[in-house]
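Please keep the sequence and the model in view while reading.

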Amino acid sequence: MGCFAGRFGRLEPRRAAGQFVTGLLADLEVKTCWQLAEQAGHGRPDAMQRLLYRAVWDADAVRDDLRQLIAGRFGAPDAVLAVDETGDLKKGVHTVGVQRQYTGTAGRIENSQVGVFLGYAGVDGHTLIDRRVYLPASWTDDRDRCQAAGVPDEVEFATKSELAAQMITAALDAGVPAGWVAADEAYGNSSAFRAHLREHQLGYVLEVSRSHLVPLDGGKTRIRADQIAADLPASAWQRRSAGAGSKGPRFYDWAWLDDVCTDADPDDGGRHSLLIRRNTSTGELAFYRCWTPRPATLAQLVRVAGIRWSIEESFQAAKSQVGLDQHQVRRWDSWHRFTTLALAALAVLAICAADAAENPADTGLIKLTVNEVRRLINACIIRPISGIAHRLHWSGWRRRHQARARRAHYTRRLNLELQP
């Protein structure tokens, strides 16, 4: 909290923000404004709701401070910027960005809201450093709907890969050290996204689809990625680890076609290649378009391909440990504020886990995970509000609020049915 406390001009929102982050770290089953206010000892949720909606503070400025803190702790010249998206299932049509769309959270098309995130994997840790809510064209084409949700007038439609490019550019402009970018095929299939990374001289290992057409012979021939893999001899494959997993090294078979995929600007000064990963058990294949501003080794590319999974781990930790997906907000500013504070709570866990790993007290123990760090924070630091009177007060408050909401819904439905 100390790194961005100065972003709050008044004491009240500054204190509420600290309590908000503490609540996100607390051992609460649900982490909405109601539960966070109860945990903080408040009599009503007003202060927490005001923090997300009416209080004067800049979520992007807080994001900038948080990003610099993380870069200062994990920063390295060969750090990896990882891009991915995650969706939250939603009901209704009023929450900013919501529509029926594909989300990996459900694995199908659902009524959902999608956010694009930027992860940072450095020397001895990783976490999330930026976020963008994805607005489908159905939103940006309806300015009245955008205005109702508080979307700024200057915000226009941007694809997910364009949002990712914006976050990467912002990180580099802020001086965040990085040498690589990793992403799945939703971003790797975008030639514009790949060109953007080359303009910034960032090496990349980007997954592409099996049907992706790979340019060979200076772009004269284009062949499907899976066809190239099928024609490779057995001698083309090498077994290497993509990094340590929970059950040991993650070994795959890898094939590397160096200095191919030359459909880009021949004057970009880098080396293009195709990397193919094969699961040693199932034979399942994954394909990566790669580019490096300087000659690179297979070991370097494999390392970056393996680090891409760090953003999946960050999503899991953010949702299970600090409630990233538990917000109940509809408006543009509220989403960015809640998400930014959730990233702050996640950063606390990531930095504490990294600090503990540097000074292990007992080599017979595994490294502290972010899950275990949060448990220790709750056991040793956070003091839950345990007074029975406070708990009974909140039980009554919730029931009264829900009763008013039910009466309002019933009245509205009855009026609609009585209309001619």
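**Cavities, pockets and a helix face**

Within the lining of the second largest cavity, the greatest contribution is that of β10, with three residues. The model is a predicted one, in which local features need pLDDT of at least 70 and side-chain atom pairs count only at pLDDT 80 or more, while totals for chains, interfaces and linings use all residues. Residues are numbered from 1 along each chain as its sequence is written, and side-chain values use heavy atoms, with hydrogens and water left out.

A cavity is a set of points, on a 1 Å grid over the protein atoms alone, where a 1.4 Å probe fits but cannot get out; a pocket is an open set with protein on both sides within 12 Å along at least five of seven lines, and lining residues have an atom within 4 Å of a point. Grid points are joined across faces, edges and corners, and a volume is the space filled by probe spheres set on the points. Helices (H or I, at least four residues) and strands (E, at least two) are DSSP runs, numbered from the N terminus.

Two cavities of 30 Å³ or more are counted. Among the residues lining the second largest cavity are Arg-250, Tyr-252 and Trp-254. The largest cavity holds about 70 Å³; its lining takes its largest share, four residues, from β3, and includes Gln-113, Phe-117 and Trp-335.

The open spaces come next. The largest pocket contains about 1400 Å³ of space. Of the 39 residues that line the largest pocket, His-126, Ala-244, Glu-313, Leu-368 and Thr-369 are the closest to its centre. Its lining comprises 17 nonpolar, 15 polar and seven charged residues, where Ala, Val, Leu, Ile, Met, Phe, Trp, Tyr, Cys and Pro count as nonpolar, Asp, Glu, Lys and Arg as charged, and the others, Gly among them, as polar. The second largest pocket, of about 780 Å³, has a lining of 22 residues, and the largest share of that lining, five residues, comes from α3.

Among the elements that each supply at least two residues to the lining of the largest pocket are α12 and α14. Ser-310 is found in α12 (residues 309-322). Is Ser-310 buried or exposed? With a relative accessible area of 9%, Ser-310 is buried (buried means under 20% relative accessible area, exposed over 50%, partly exposed in between, with a 1.4 Å probe and protein chains only). A polar atom of the Ser-310 side chain lies 2.7 Å from the backbone oxygen of Ile-307. Leaving aside residues up to four places away in sequence, Ser-310 touches Ala-121 and His-126 (contact means heavy atoms within 4.5 Å).

In α14, the buried residues are Val-373, Arg-374, Ile-377 and Asn-378. Seen down the axis of α14, they fall within an arc of 135 degrees, so they line one face of the helix; the arc is that of the directions from the helix axis to the C-beta atoms. The opposite face of α14, turned away from the buried side, carries the exposed residues Ala-379 and Cys-380. The cover over the buried residues of α14 includes α1, α12 and α13.

Notes
Polar contact = N/O pair within 3.5 Å; in protein donor to acceptor, adjacent residues only side chain to side chain.
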